[in-house]
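Reader: Hi! Could you walk me through this one in plain words?
Author: Happy to, just ask as we go.

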Amino acid sequence: MRKLYRFHGGVHPPANKTQSTQTPIAQAALPSKLVVALHQHAGGSATRPAVQPGDHVLKGQLIGLPEGRIASAVHAPTSGMVLAVDRQPVLHPSALPDLCVTIVPDGKDEWIAHHGSDYRELQHSDLRHQLRMAGIVGLGGAVFPSDLKLYAGKHKIKTLVLNGAECEPYITCDDMLMRERAAEILRGAEIMQALLYAEEVLIGIEDNKPEAIAAMQQALAAGDYRNMEVIAVPTVYPGGGAKQLIRVLTGLEVPHGVRTTEMGAQCFNVGTAYSVYRAVAHGEPLISRIVTVTGNVERPQNFEVLLGTPLAELAAQAGVKPDTDGYIMGGPMMGIAVPSAQAGVTKAANCFIATSRALFPPAPPALPCIRCTRCAEVCPADLQPQELYWFAKAKELGKAQEYHLFDCIECGACSYVCPSHIPLVQYYRFAKSEIWAHEREKDAADIARERHEFRLERQEREKRERAEKLAQKERAAAAAKAAEQPAAAAGAAAAATPAAAGQPEDAAQALIQAAIERAKAQATLVKPKNTDNLTPAQLAEIAEIEARRAKIREIARTDNDKEQ
Amino acid sequence: MLSSPFISKPTSVSAIMLRVLLALLPAVALYVWYYGPAILVSMTLASVTALGVEALMLRLRERPLKPFLADNTALLTAWLLALSIPPLAPWWLVVVGTAFAISVAKHLYGGMGNNPFNPAMVGYAVLIISFPVQMTHWLSPLDLGQGGLGFGAQLQYIFAGVLPDGTSLDAVTMATPLDTLKTQLHLDRAVAQIMQMPIYGHLAGKGSEMVALGFLAGGLYLLAARIITWHIPFAFFGGLLFTAELFHLADPNHYVSPLFHAASGAAVIGAFFILTDPVTSPTTPRGKLIFAAAAGFLTYIIRVFGGYPDGIAFATLLMNIAVPLIDAYTQPRVFGRKKDPQ
């Protein structure tokens with residue numbers, strides 16, 4: 001038996017998983033249209049549309065080109081005609097529309113020419129490029145481009161963790177995928193293992209999924225895999241968080257702001273491993289995923305869904321009950337409220353839960369915090385949520401950071417157990433966004449200050465130059481005067497010359513000096529501005545902030561170095 | 001439904017406080033068994049006063065009545081205070097104490113969740129400072145008092161202040177076992193000799209030690225139901241017993257055994273029900289240990305060297321002051337920032 005480790009806290013919300021595991025994964029019907037969002041990955045870089053309205057596309061054809069480093073490609077999920085390339089509602093909590101390609105299927109489902117290959121015969125850099133162009137991103141919900149995570153760089157990766165924990169209530173897409181397509185997941189893991197030069201692959205599955213564990217173990221025994229192990233881990237939310245699962249399987253604690261690779265581990269969702277395999281061995285880009293449709297529906301189940309399928313059309317296939325009042329994308333602990341049921345399924349959409357007032361009654365009104373610390377008892381990051389709540393509420397953002405606000409993974413365990421029903425996570429999100437806004441403001445202020453100082457300096461320089469010019473002119477005039485009177489008495493001149501000759505020169509020098517002095521005085525008057533009259537505490541705080549930024553810049557630089 | 005999480009555990013402040021109230025019942029039952037039903041009268045008086053003053057204060061503070069009246073915290077304060085003062089006391093004593101606890105100690109500091117001091121202990125402190133005589137009239141256990149007082153007679157005394165003909169207050173009340181010990185020690189009697197007095201039972205005061213046992217049962221229930229953690233009771237008894245043992249070892253004739261202290265006065269109710277009040281105790285595990293151990297130490301010092309019969313109330317209030325400081329200095333290390341993660 002492998003030694004497993006614990007992480008602090010955790011909760012045991014009702015699983016509600018069995019409802020959707022009664023039937024095998026069903027192929028969702030071809031929808032009337034596909035609304036494929038172009039930005040389907042984590043990270044700011046855009047994906048540029050590669051098609052125009054009116055174009056005919058084939059299944060698997062590239063429709064979105066990745067631009068920039070953290071980006072991933074998007075493909076046509078079926079063959080058909082491009083109806084529009086415009087802004088549409090997307091599955092994002094902001095409810096802001098984003099650029100989408102709308103495709104009307106032609107019903108032929110005609111593939112573009114594609115072919116698989118043996119990963120052993122490919123260069124690793126080519127493999128990574130292939131994954132990027134196949135649009136492979138993390139399917140656990142984070143949708144970070146996988147090609148970037150499959151690069152160890154200078155770090156030595158000991159353990160590749162495959163995440164089949166699926167700790168959130170209701171979600172069963174990974175469970176069903178592992179039950180039905182275990183061998184392909186393992187083949188994908190093998191490719192990942194090779195790319196990372198990982199010594200071992202640990203596949204963590206929560207022990208409330210015995211069928212999946214059995215299927216994976218069977219597939220493992222049937223194949224020829226190197227240092228791979230399927231491990232049942234205790235069921236506790238959020239045991240499927242990457243850092244929590246790494247902790248349980250390896251004992252490593254990856255602090256906030258540190259990459260798991262730096263500590264010799266990397267973590268992928270089982271669904272990602274499956275799509276890596278499909279992309280490499282069959283040349284199929286990521287155009288569909290397994291989605292759990294559950295909650296307030298007649299037939300909760302998992303579907304294999306083409307990306308872009310409008311949620312309403314998908315949900316209808318599970319029989320939405322009439323009193324449904326909305327959808328949650330993801331699980332009830334960390335999911336988002338779906339802003340529009342017309343939005344198309346994305347790579348991040350692992351589960352849709354139809355909600356009703358009966359199924360998800362609104363929380364009772366919040367009462368004051370009684371400091372019972374049930375939140376601290378369940379926090380998987382060992383934070384003191386009650387302290388963070390007070391600081392967030394009082395807008396003491398510095399204090400909140402001091403108490404490691406940014407180590408919060410927003411798992412929701414604290415809110416879940418709070419007897420006063422305080423929406424704690426919302427307070428943390430608020431505090432985080434406030435801090436980000438402050439930092440942006442400060443950056444803008446810094447730029448403005450630099451510009452202002454530069455302007456002052458320029459004005460000063462110009463004044464100095466003018467003064468010098470003036471002095472030069474006077475010097476020239478004096479010299480001319482001296483030349484006009486060459487016949488001055490020689491005897492008298494002999495005595496007087498040193499002083500007389502020196503005079504115009506000195507006057508000019510004095511003028512220049514005076515101008516410089518004036519400029520200097522002015523400079524000292526304006527310069528120290530906003531760092532004047534500060535208390536030592538404030539100065540210390542500024543120094544601290546500067547140090548932190550220097551560190552961030554440092555990290556950014558080393559990151560850039562790594563990329564190259 | 002704005003953002004995650006969309007589910008919450010079916011629990012509430014009201015339900016937790018209700019279970020704490022239930023946990024007090026074994027001790028209350030034993031109280032009635034050993035001292036008669038007078039305690040029920042003072043608990044009722046305290047409850048009615050607490051709810052009334054709570055409603056009044058909420059109205060004055062323009063807060064909604066329903067959620068706060070239903071949270072059971074005012075009732076808990078009332079019961080803890082009633083259980084801390086002599087049951088055979090004039091009715092206004094418990095009313096004044098409760099009213100002060102709820103209005104000043106709780107609501108003037110911001111109401112539920114914001115009061116730095118334990119309201120019941122503030123109420124107790126006010127009473128013992130303002131009405132020390134009435135606060136010493138503790139009932140004798142029924143089998144020690146001369147036949148005891150009937151319930152009717154108790155009611156008459158509480159509300160009208162008169163006792164039946166031929167009964168004197170001294171006959172039915174007595175000083176607490178802790179007080180008696182202190183007085184007798186001043187008379188230069190040895191501990192072993194004092195313990196022979198009829199008011200002492202197995203460990204501590206006859207009757208009161210059994211009530212303490214009731215509190216212990218309730219406290220263990222709170223632990224089992226995970227309403228409190230082990231830290232505060234454990235550290236409190238640790239602090240109290242350790243200090244008592246040191247003195248006891250030095251001079252057993254003058255310093256009574258640690259177990260006497262543990263079973264006497266408000267030690268058990270203090271350890272499980274009073275010091276564990278989440279609002280007025282530290283939030284960190286280490287903080288709880290420091291807080292309660294210091295409270296145990298202070299309790300002993302106040303009991304043995306101070307002027308008051310028991311030390312729980314003042315030890316609690318003194319340590320309440322230190323809570324923000326203790327919390328600030330005992331923050332646990334967060335995930336990934338531990339010295340030794342394994």
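Author: One term before we begin: helices (H or I, at least four residues) and strands (E, at least two) are DSSP runs, numbered from the N terminus. This is a predicted model, in which local features need pLDDT of at least 70 and side-chain atom pairs count only at pLDDT 80 or more, while totals for chains, interfaces and linings use all residues. Residues are numbered from 1 along each chain as its sequence is written, and chains are lettered from A and ligands numbered from 1 in the order in which they are written.

Reader: Thanks! Where does A:Pro238 lie?
Author: A:Pro238 sits in the loop between strand S11 (228-233) and helix H6 (242-250) of chain A.

Reader: Switching topic: how many residues does each chain put into the contact?
Author: Chain B gives 33 residues and chain A gives 45 residues. On the side of chain B that touches chain A, 15 residues are nonpolar, 13 polar and five charged. Contact here means that the C-beta atoms of two residues, placed from the backbone, lie within 7 Å. As for the classes, Ala, Val, Leu, Ile, Met, Phe, Trp, Tyr, Cys and Pro count as nonpolar, Asp, Glu, Lys and Arg as charged, and the others, Gly among them, as polar.

Reader: Now the helices. How many residues of H4(B) are buried?
Author: H4(B) is mostly covered, with 12 of its 12 residues buried. Among them are B:Trp79, B:Leu80 and B:Ser84. A residue is buried if 20 or more other C-beta atoms lie within 10 Å of its own, exposed if 12 or fewer, and partly exposed in between, with C-beta atoms placed from the backbone.

Reader: What covers them?
Author: The cover includes helix H1 (13-35), helix H2 (38-60), helix H5 (91-107), helix H6 (119-130) and helix H14 (267-274) of chain B.

Reader: What span should H4(B) have?
Author: Helix H4 (residues 73-84) of chain B has 12 residues, so at 1.5 Å a residue it should span 16 Å, and its end C-alpha atoms are 17 Å apart, which agrees. The expected span is 1.5 Å times one less than the number of residues in the helix.

Reader: What about H1(B) with H2(B)?
Author: H1(B) and H2(B) pack at about 135 degrees, again with axes 8 Å apart. That makes H1(B) oblique to H2(B). B:Val28, B:Tyr31, B:Val32 and B:Tyr35 in H1(B) meet B:Ala38, B:Ile39 and B:Leu40 in H2(B). The classes here are seven nonpolar, no polar and no charged residues.

Reader: How do those angle words work?
Author: Angles under 35 degrees count as roughly parallel, over 145 as roughly antiparallel, 65 to 115 as roughly perpendicular and the rest as oblique. Axes are lines fitted to C-alpha atoms, for helices over the stretch in contact, and angles run from 0 to 180 degrees between N-to-C directions.

Reader: Last topic: is A:Glu410 buried or exposed?
Author: A:Glu410 is buried, with 20 other C-beta atoms within 10 Å. A:Glu410 also has a positive phi of about 55 degrees although it is not a glycine.

Reader: And B:Arg226, buried or exposed?
Author: B:Arg226 is exposed, with 9 other C-beta atoms within 10 Å. Its phi is positive too, about 55 degrees, although B:Arg226 is not a glycine.
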